[in-house]
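User: I am new to this structure and would like a guided look at it. Could we start with the charged pairs?

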Amino acid sequence: MSEENNLSVRETPHFGRVENPLFGYTHLLPSPFTPPSGRLQIGLTSGVGVTNSLSLETNLLSDFYKIFNARMRYALLDFPGFALGLSIGFQYVNLNSIAPTNPSLGLIGWMPGGVMGVEIAPHVALFTGGHFFYANMDVTQLNISNSGFVQGTEIESDLSWAYHPQKKGVGNVMSLGATYNTTFRFYGVGFSHHWKGFQLGAHFYPNAAHMRFLPIFSGGAVVEL
């Protein structure tokens with residue numbers, strides 16, 4: 001790889017020094033990277049680095065809609081052309097909070113998963129990932145009204161392009177993403193744009209019954225604890 005195309009061993013706005021900072025720019029999937037120890041990132045998804053490889057986070061918008069959630073992520077592998085991260089998530093929601101026609105049942109779910117990033121061309125990365133959903137009840141046997149914010153077993157693929165790379169960083173990045181929720185059988189598509197340390201976009205679930213539109217906002221602030 002020529003020096004012109006080499007993005008390796010550089011600083012990212014949120015993740016510190018990594019082999020290929022392009023892997024820090026996904027659409028809806030979590031990045032394979034985690035923030036350094038003591039770094040608090042504030043946005044719709046907010047989290048803190050517990051160690052340089054381990055972080056804790058929650059989606060505040062889901063919490064606002066009483067879909068309480070948390071996720072622990074671990075950055076496992078970091079190479080110039082490949083990165084891998086693992087995660088375990090937790091979710092609790094009373095189904096009646098989604099729609100008044102739903103029964104008043106507490107749905108508890110655990111979600112082990114991961115994300116893999118591969119550089120498929122200079123300044124272009126493909127991400128694949130998702131998570132399984134292990135719940136305290138079989139929701140597929142219930143006639144419930146679903147929500148785009150309620151996670152089930154989900155698979156996703158993102159594509160990110162650093163269309164304006166810079167010598168000291170990735171520059172601006174455009175990201176596309178597509179998801180499929182196999183538990184509730186709805187799909188989603190979306191687009192987001194990354195500026196330095198800031199992401200803005202949306203993901204849309206056209207066949208979800210409620211909360212079809214998920215705004216994406218991250219990088220609002222970074223605080224060193």
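**Salt bridges and cores**

Analyst: In this predicted model, a salt bridge joins the side chains of Arg 71 and Glu 57, with 2.6 Å from N to O. Arg 71 belongs to strand E6 (residues 68–79) and Glu 57 to strand E5, so this pair ties together parts that are 14 residues apart in sequence.

User: Is Glu 57 buried or exposed?

Analyst: Glu 57 is buried, with a relative accessible area of 13%. Arg 71, by contrast, is partly exposed, at 24%.

User: Which residue forms a salt bridge with Glu 57 at 3.2 Å?

Analyst: That residue is Arg 73, and the 3.2 Å separates the closest N and O atoms. Arg 73 is in strand E6 and Glu 57 in strand E5, 16 residues apart, and the pair links distant parts of the chain. Both Arg 73 and Glu 57 are buried.

User: How many salt bridges does a search of the whole structure find?

Analyst: The search finds three. One of them brings together the side chains of Glu 224 and Arg 39, at 2.7 Å from N to O. Glu 224 lies in strand E16 (residues 221–224) and Arg 39 in strand E3, 185 residues apart, so distant parts of the chain are linked by this pair. Arg 39 is buried, with a relative accessible area of 12%.

User: Turning to the strands, how do E3 and E4 run?

Analyst: Strand E3 (residues 39–42) and strand E4 (residues 45–49) run antiparallel, joined by two bridges. Leu 40 stands opposite Val 48 in E4, and a hairpin of two residues connects E3 to E4.

User: And how many bridges join E4 to E5?

Analyst: Five bridges join E4 to strand E5 (residues 54–59), and these strands also run antiparallel. Thr 45 faces Asn 59 in E5, while the hairpin from E4 to E5 passes through four residues.

User: New topic: which residues touch the most other members of the largest nonpolar core?

Analyst: They are Leu 107, Val 150 and Phe 184, in a core of 17 residues. Helix H2 (95–98) and strand E8 (106–121) are the elements that give two or more residues to this core. Apart from this core lies another, of 14 residues, among them Phe 15, Leu 22, Phe 23 and Val 115.

User: What does Val 150 touch?

Analyst: Leaving out residues up to four places away in sequence, Val 150 touches Ile 67, Gln 91, Ile 98, Leu 107, Asn 181, Phe 184 and Phe 186.

Methods. Residues numbered from 1 in each chain as written. Predicted model: local features only at pLDDT ≥ 70, side-chain atom pairs only at ≥ 80, totals over all residues. Heavy atoms only, no water. Core = buried A, V, L, I, M, F, W, Y, C linked by side-chain atoms within 4.5 Å. Buried < 20%, exposed > 50% of the residue type's maximum accessible area, 1.4 Å probe, protein only. Contact = heavy atoms within 4.5 Å. Pairing = 2+ DSSP bridges. Salt bridge = Lys/Arg side-chain N within 4 Å of Asp/Glu carboxyl O.
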